[in-house]
Amino acid sequence: MMVYTKKFGEWYEITLPSEWVGLTIDDIFKQIWKAPKKQVHTMRMEKQVKVNGELISWNHPLKAGDRLQLRLFIEEEFNVIPTYFEVDVAYEDDHLIVFNKPAHMDTHPNSPEQVNTLANAAAFYLQAKGEQRKVKHIHRLDRDTTGVVLFAKHSLAGSILDRMLEERLIKRTYLALVHGKIRSKKNTIQEPIGRDRHHPTRRRVSPTGQSAITHYELIEYDPKQDLSLIKCQLDTGRTHQIRVHLSHIGHPLAGDSIYGGQPVFDRQALHAAKLEFLHPFTNEKLCITASPTFPFLEQDKW
């Protein structure tokens, strides 16, 4: 189901698709978008939703051809300090933006005064375009992991994307270089992950940890370097999940000294290569990619 939309000023207009005929505004927010109650209440009280340019009852059934209008693009104070960095934009529209995060950069600040993160760079990028928005990261990558990171450009998009991530409707594909030759072409690691009480940041496989599922597939093995290039997909999003799981089966990531990798790189060789999901408003299928900089990698292999 494709949804036809357009933006004008602070407002976003959706031409009612046939599947929504007979639904109410309330139904769309609660059943289609599954937006949080507090957010729905705020938009109702602040008169941020119209139909055909008019304020109508949220319980009035909508009909074919109706134009649902949402006041989404409101200027807000940035929630981080805008700071200039060169950033690679992999995808952008009115609602969301995906950056290809470089290595040695946090996704978001760990304290209010921190300014050297991707979130700070995202705020500066939008500010330079004249978009005063409270950008929100939907997921994050470790400081030394590269690749695609999804941000929402307004709060309704943020709420919908958060829920989609929780419901595993956003598919994330990673590429990793690991030590040794992976024996099985495809396999799944299902081991719970918890904190390592002997180390402040390290995680470990633990019977009392949270459930964690990692699927992996061998792409290529380089016997000269004794490294395997693998593709990983996650059913869960635990901290350091790929790093912990692959170390647990005896194939730590190259460069990942915390989990047993050898220092053949200056960081762990992990890259978030692809995001796939349906756009929260247009229902368009998005496949957003960012190329890694690993050796012996051919583009058509992933």
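Modeller: A strand here is a DSSP run of E with at least two residues, numbered from the N terminus. Note that the model is predicted.

Biologist: Where does that place Ser206?

Modeller: In the loop between strand 12 (203-205) and strand 13 (213-222).

Biologist: Why is Ser206 called buried?

Modeller: Its relative accessible area is 4%. Buried means under 20%. Ser206 is therefore buried.

Biologist: What makes the pair Ser206 and Thr208 a polar contact?

Modeller: Their side chains come to 3.0 Å. The cut-off is within 3.5 Å for N or O atoms, one able to donate a hydrogen and the other to accept it, so the pair counts.

Biologist: Which residues is Ser206 in contact with, leaving aside neighbours within four places in sequence?

Modeller: Pro192, Ile193 and Gly194. Contact means heavy atoms within 4.5 Å.

Biologist: Now helix 3, residues 118-128. Which strands do its buried residues pack against?

Modeller: Strand 5 (88-92), strand 6 (96-101) and strand 8 (146-152). The buried residues of the helix include Leu118, Ala122 and Leu126.

Biologist: What is found at the start of helix 3, and what just after?

Modeller: At the start, a side-chain oxygen of Thr117 reaches to within 3.3 Å of the backbone nitrogen of Ala119. Just after the helix, Gly130 takes a positive phi of about 85 degrees.

Biologist: And how many helices and strands does the protein have?

Modeller: Five helices and 16 strands. Buried residues make up 49% of the 302 residues.

Definitions and conventions
Residues numbered from 1 in each chain as written. Predicted model: local features only at pLDDT ≥ 70, side-chain atom pairs only at ≥ 80, totals over all residues. Heavy atoms only, no water. Helix = DSSP H or I, 4+ residues; strand = E, 2+ residues; numbered from the N terminus. Buried < 20%, exposed > 50% of the residue type's maximum accessible area, 1.4 Å probe, protein only.
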